[in-house]
Amino acid sequence: MLAVCAGANAVAMADVIAATLAIPLLGADLTHGQPPSAVQWVSTAYLLVFSAMLTVAGRLADLLGHRALMALGAAVFCLAACAAVVTPSWEILLGARAAQGLGAAAMVPASLGLLLTVLPGARRGTAIATWSAAAGLGGVVMHAGGGWLAQAAGWRALFAPSMVVGLALLLTAALALPATRRHRGPRPDLLGALLLAGAIACLVLAISKGHSWGWSSPLTIACALGGVMVLVVVVIRSRSHPVPAVDVVLWQRPAFAWGWTVSLLYGLMTLPLLAWAPLALQEWGYDGLQIGLLLAPLSVAVMVAGRLAGPLGQRFGFNVILYLGAMFTIGGGVLLLADGQRFSSWPTLAVLFGDASPSWPSMVGLVICGIGWGQLSTAASTVATLASDQASYASAVGTSLTARQAGGALGVAGAAVMVNRPFLPGPMAGYASVLTAVVALAVLVAAIALLRIWLSREGTMRATRPASGDPTEMVMIPREQLLALRAALVEVAAAAQAQLHQISGMRAQPVCRCHPHLDPVAAAEAHALPEVRLGRRR
């Protein structure tokens, strides 16, 4: 079960890598000579649908059953991959990529939701780490073999593994995986999900086309304002809908909000580099096979670091892992920004790549970035998922991954702007500008993680400090929790009263022995915790 569920996450990531490797190889007959910023929609079409449908798909998994939705997603993913392999036109290719995003959105949260529902609590952290590391494995396999596959059979062959693995996942999910309990409830907000996809698409279009349309042109402003307004409508709609496209209830939990934010920043950091690195390497003179071999160490590092981040996070805290992941990303980005002409390459690299062999800072930087990305990915997923309860695991997974994929779509569009309009001088200034932006985002994550570490330690010191003469200093329970407990007790008493009415079939009699003149609801109100002056440290 663990292998199949992790395989769903691996093939979804491998499909993203396949698209990035295929972009430099797309022929002019298919793309009609479109600029690189337009060709990037091969990746963006996938990310848009994937990000918008993840939360809805996560809730559908809770309602319909994780196994059923995983099998349905695998079927859509497999058929869409087949369409991408045989597509005769640019429009059908974009439609197939969007359909693949829909299938992946169904598979990914359902797979992790199945693991977290079936496995005991003590194994969930390790399961999340394994599931997250599987994305790195999918990247390793596609980076290592995708270049050879494209060189041997063309760019269409890059989507063939998604078709084969999707069919295998469909059969295995339908025949071998255990069924999970369905949670009854209303249907999710499909209209809200479509509006969310439209909002992200408008923002991506405004960013990617702003340099050609003009940043002050009416069309750019209309797309940007339209995207923001539709996004506001989605949030307002989500506040009243029972199963919203954006789960605003989860946002009331600080741990989930922090994990969601890191997921958004993670998408902004990683997916632009994955999308533009093949184009940069192609400009440097590398062919498809060499590009795959150069990027394979990055995926290996992501896989290994992601697998180790779970146990380390349980021991030292996931905020520490997030801080370390950001620092590794900063170090790797600085090495990649170093001038490779000043360093010599290793003899092994010279044998593989000839005169165009990369310098050792570039290879070390890729590995260090991969270590940081693996730590950030696992820690963000774990923090966001474990902040929810068991009935909404898949919804939490979908909401967290929505942030990651939406950040990736916006990041790819922003990277297209920086490549065409770099803010740094010199050769390859566009790609250096993208790397600089990635390092700046990593600095932001490191600063926030360090602040959270300091605040958590400060809170622990306050909780363990000996009490002073002021009795209010001893009360460490927040007043909001006391009020929530009081409300829960009142609800339990009311439910018990209703059950007694059903059983007896007559007017309920007083059942509270301590106060015979009160019914259970009034008794609960009477015994509710009184107002307590908690002082400034409540």
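# Exercises on a helical model

The axes of helix α13 (residues 318-337) and helix α15 come within 7 Å and cross at roughly 155°. Here axes are lines fitted to C-alpha atoms, for helices over the stretch in contact, and angles run from 0 to 180 degrees between N-to-C directions. Helices (H or I, at least four residues) and strands (E, at least two) are DSSP runs, numbered from the N terminus.

This is a predicted model, in which local features need pLDDT of at least 70 and side-chain atom pairs count only at pLDDT 80 or more, while totals for chains, interfaces and linings use all residues. Residues are numbered from 1 along each chain as its sequence is written, and side-chain values use heavy atoms, with hydrogens and water left out.

## Exercise 1: α13 and α15

Task: classify the pair α13 and α15 by direction, handedness and residue class.

Solution. 
- Step 1. Recall the crossing angle of roughly 155°. Angles under 35 degrees count as roughly parallel, over 145 as roughly antiparallel, 65 to 115 as roughly perpendicular and the rest as oblique. So α13 and α15 are roughly antiparallel to each other.
- Step 2. Take the handedness. α13 passes α15 in a left-handed crossing. That is, the near helix is turned anticlockwise from the far one by less than a right angle; clockwise would be right-handed.
- Step 3. Sort the residues of the contact of α13 with α15: 19 are nonpolar, 10 polar and none charged. In this scheme Ala, Val, Leu, Ile, Met, Phe, Trp, Tyr, Cys and Pro count as nonpolar, Asp, Glu, Lys and Arg as charged, and the others, Gly among them, as polar.

## Exercise 2: α5 and α8

Task: describe how α5 and α8 pack, and which residues make the contact.

Solution. 
- Step 1. Start with the geometry. Helix α5 (residues 66-86) and helix α8 (residues 160-175) pack at about 160°, and their axes are 8 Å apart. The two helices are therefore roughly antiparallel to each other. Their crossing is left-handed.
- Step 2. Name the residues. On the α5 side they include M70, A74, F77 and V85; on the α8 side, M163, G166, L167 and L170 are among them.
- Step 3. Count by class. The contact of α5 with α8 has 16 nonpolar, 2 polar and 1 charged residues.

## Exercise 3: α1, α4 and Y46

Task: describe the crossing of α1 and α4, then follow Y46.

Solution. 
- Step 1. Helix α1 (residues 2-22) and helix α4 (residues 41-64) have axes that come within 8 Å and cross at roughly 155°. α1 and α4 are therefore roughly antiparallel to each other. The crossing is left-handed.
- Step 2. The contact is made by A12, D15, V16, A19 and T20 of α1 and V42, S43 and Y46 of α4. By class, these divide into 5 nonpolar, 2 polar and 1 charged.
- Step 3. Leave aside neighbours of Y46 within four places in sequence. Y46 is then in contact with A12, D15, V16, F77, R97, Q100, G101 and A104.
- Step 4. Look at the core. A nonpolar core is a set of buried Ala, Val, Leu, Ile, Met, Phe, Trp, Tyr and Cys residues joined through side-chain atoms within 4.5 Å. The largest one has 117 residues, of which L26, Y46, L93, W276 and W373 touch the most other members.

## Exercise 4: The whole protein

Task: how many helices and strands are there in the protein?

Solution. 
- Step 1. The protein has 19 helices and 0 strands.
- Step 2. Buried residues make up 49% of the 538 residues.

Definitions and conventions:
Buried < 20%, exposed > 50% of the residue type's maximum accessible area, 1.4 Å probe, protein only. Contact = heavy atoms within 4.5 Å.
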